[in-house]
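Here is a short briefing for a reader new to this structure. Please look over the sequence and the model, then read the points below.

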Amino acid sequence: MPETEPKRNMVEAKVIATLFGLTVRRIQQLTQDGVLQTELVGKQRRYDLLQTVRRYIGYLQEKVNNKGGGK
């Protein structure tokens, strides 16, 4: 059975902040740093929930791997 793209769930920064246990400001910083991405929906910026979770997990994994010093 072919894999289908899941329905996109576009949410605001407040939802992402709550999900990750961070502040809205920190979500904005991660977006400015290129870790997270937004899309324009109407006149407002929104985050694709699934892609944002995947990107944040990747970011955390990279931080852990870089901190390990090759252990």
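**Overall picture**

Residues 24 or more positions apart account for 50% of the protein's contacts that have a separation of 6 or more. The model is predicted. The protein holds 3 helices and 3 strands. Along the sequence they follow the pattern β-α-α-β-β-α. Of the 71 residues in the protein, 20% are buried.

- Four residues of α1 are buried: Ala13, Ile16, Ala17 and Phe20.
- They sit on the same side of α1, because they cover an arc of only 100° around the axis.
- In an α-helix there are 3.6 residues a turn, so residues three or four places apart point the same way.
- The other side of α1 has Lys14, Thr18 and Leu19, which are exposed.
- The buried residues of α1 pack against β1 (10-11), α2 (24-32), β3 (44-48) and α3.
- Just after α1 comes Gly21, with a positive phi of about 70°.

**How α1 meets α3**

- Two packed helices are described by the angle between their axes and the distance between the axes.
- Helix α1 spans residues 13-20, and helix α3 spans residues 49-67.
- Their axes come within 11 Å and cross at roughly 45°.
- That angle makes α1 oblique to α3, because angles from 65 to 115 degrees count as roughly perpendicular and those under 35 as roughly parallel.
- The crossing of α1 past α3 is right-handed.
- On the α1 side, the contact is made by Ile16, Leu19 and Phe20.
- On the α3 side, Leu49, Thr52, Val53 and Tyr56 take part.
- By class, this contact of α1 with α3 has 6 nonpolar residues, 1 polar residue and no charged residues.

**A closer look at Ala13**

- Ala13 lies in helix α1.
- Is Ala13 buried or exposed? Ala13 counts as buried, because its relative accessibility is 16% and the cut-off for buried is under 20%.
- Which residues does Ala13 touch, not counting those up to four places away in sequence? The partners are Val24, Ile27 and Tyr47.
- Ala13 and Thr23 are 10 residues apart along the chain, and their C-alpha atoms are separated by 9.0 Å.

**To take away**

- Helix α1 has a buried set of residues that includes Ala13 and Phe20, and an exposed set that includes Lys14.
- Ile16 and Phe20 are among the buried residues of α1, and both also take part in the contact with α3.

Conventions:
Residues are numbered from 1 along each chain as its sequence is written. This is a predicted model: local features need pLDDT of at least 70, side-chain atom pairs count only at pLDDT 80 or more; totals for chains, interfaces and linings use all residues. Side-chain values use heavy atoms; hydrogens and water are left out. Axes are lines fitted to C-alpha atoms, for helices over the stretch in contact, and angles run from 0 to 180 degrees between N-to-C directions. Helices (H or I, at least four residues) and strands (E, at least two) are DSSP runs, numbered from the N terminus. Angles under 35 degrees count as roughly parallel, over 145 as roughly antiparallel, 65 to 115 as roughly perpendicular and the rest as oblique. A crossing is left-handed if the near helix is turned anticlockwise from the far one by less than a right angle, and right-handed if clockwise. Contact means heavy atoms within 4.5 Å. Ala, Val, Leu, Ile, Met, Phe, Trp, Tyr, Cys and Pro count as nonpolar, Asp, Glu, Lys and Arg as charged, and the others, Gly among them, as polar. Buried means under 20% relative accessible area, exposed over 50%, partly exposed in between (1.4 Å probe, protein chains only). The arc is that of the directions from the helix axis to the C-beta atoms.
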